[in-house]
Amino acid sequence: DQWQLGAMRDILQQRHVFITGSAGSGKSHLIQTLHAYCAAALKPCAVTSMTGVTALHIGGETLARFMSFGVVEGDGPTLWAHVSKNKHLKYVKQRMMNVSMIVIDEISMLSAETFEAVSYVLAKLRDQLPHTSGGKPFGGVQMIFCGDFSQLPPVKGHYAFLSPLWDQMVSGRDGSGAPGAGGGPLGMAIHELKGSHRQSDDVAFYMLLNAVRVGEITTLVRN
């Protein structure tokens, strides 16, 4: 639909993009379409999600597996210390050097600490300065975040959008965005998908779900 096309347009312009929307608005379908496009265009793209079930649904893998975090938790330096001891570090580094786009689905479940840690470790693996030392976020890789912050929160910690790094990416202050018409970098594009695909034949039920999503529990909703 028009909202999905708008998001895809910014993705193809190599911008960082955050895609949100209620359940059934077509987020997963957009990721699957993007994955297929990257495969056809021979563009190295990693599709990840926060849980195994959701990763399977979009044809990807968990973020922890892709980043070689395993079950270890912590900040950037802590996770880098773990990843740098991986016996397959050479392969992991090569994979990160080759990737040009990373999709993280179910972003609501990613804590601010892990959000920043992924950026830190990715930069280290790509032999780049981490964002904490003035480098570009996520080692200069184009990032596509997808999910609904009205859904499941992180198990521990704060939402990713509360990280200062998120603000930097939205504003474009970090210089990592695609170049705009004026030569300066564009900030992260934010797209809310508003189409109804899963409940397209039941508008009343769709409106009820959206009311619950934003906490508008009216008498009509209760009944």
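Tutor: On a 1 Å grid over the protein atoms alone, a pocket is an open set of points where a 1.4 Å probe fits, with protein on both sides within 12 Å along at least five of seven lines; lining residues have an atom within 4 Å of a point. The model is predicted, so local features need pLDDT of at least 70 and side-chain atom pairs pLDDT 80 or more, while totals for chains, interfaces and linings use all residues. Residues are numbered from 1 along each chain as its sequence is written, and side-chain values use heavy atoms, without hydrogens and water.

The lining counts 20 residues; Met-50, Glu-73, Met-109, Ser-111 and Thr-114 lie nearest the centre. Helix H4 (63-66) and helix H7 (112-125) are the elements that give two or more residues to this lining. Helices (H or I, at least four residues) and strands (E, at least two) are DSSP runs, numbered from the N terminus. By type, the lining divides into 11 nonpolar, six polar and three charged residues. Here Ala, Val, Leu, Ile, Met, Phe, Trp, Tyr, Cys and Pro count as nonpolar, Asp, Glu, Lys and Arg as charged, and the others, Gly among them, as polar.

Next, the sheet. Six strands, in the order E3-E2-E4-E5-E1-E6, form an open sheet with parallel pairing; two strands pair if DSSP finds at least two bridges between them. E3 (61-62) and E6 (189-193) are the edge strands, each pairing on one side only. Helix H1 (residues 2-12) packs on the sheet, touching E1 (17-21), E4, E5 (142-146) and E6, where contact means heavy atoms within 4.5 Å.

E2 (residues 45-49) and E4 (residues 101-105) are joined by five bridges, with Asp-105 as the partner of Ser-49. Five bridges also join E1 to E6, and Thr-20 stands opposite Glu-192. E6 has Ala-189, His-191 and Leu-193 on its covered face, and Ile-190 and Glu-192 on the uncovered one.

Last, the side chain. Trp-166 sits in helix H8 (residues 164-171). Trp-166 is buried, at 6% relative accessible area; buried means under 20%, exposed over 50%, partly exposed in between (1.4 Å probe, protein chains only). Beyond its neighbours within four places in sequence, its contacts include Phe-18, Ile-107, Phe-145 and Met-188. The C-alpha atoms of Trp-166 and Pro-137, 29 residues apart along the chain, are separated by 9.5 Å.

Key: Axes are lines fitted to C-alpha atoms, for helices over the stretch in contact, and angles run from 0 to 180 degrees between N-to-C directions.
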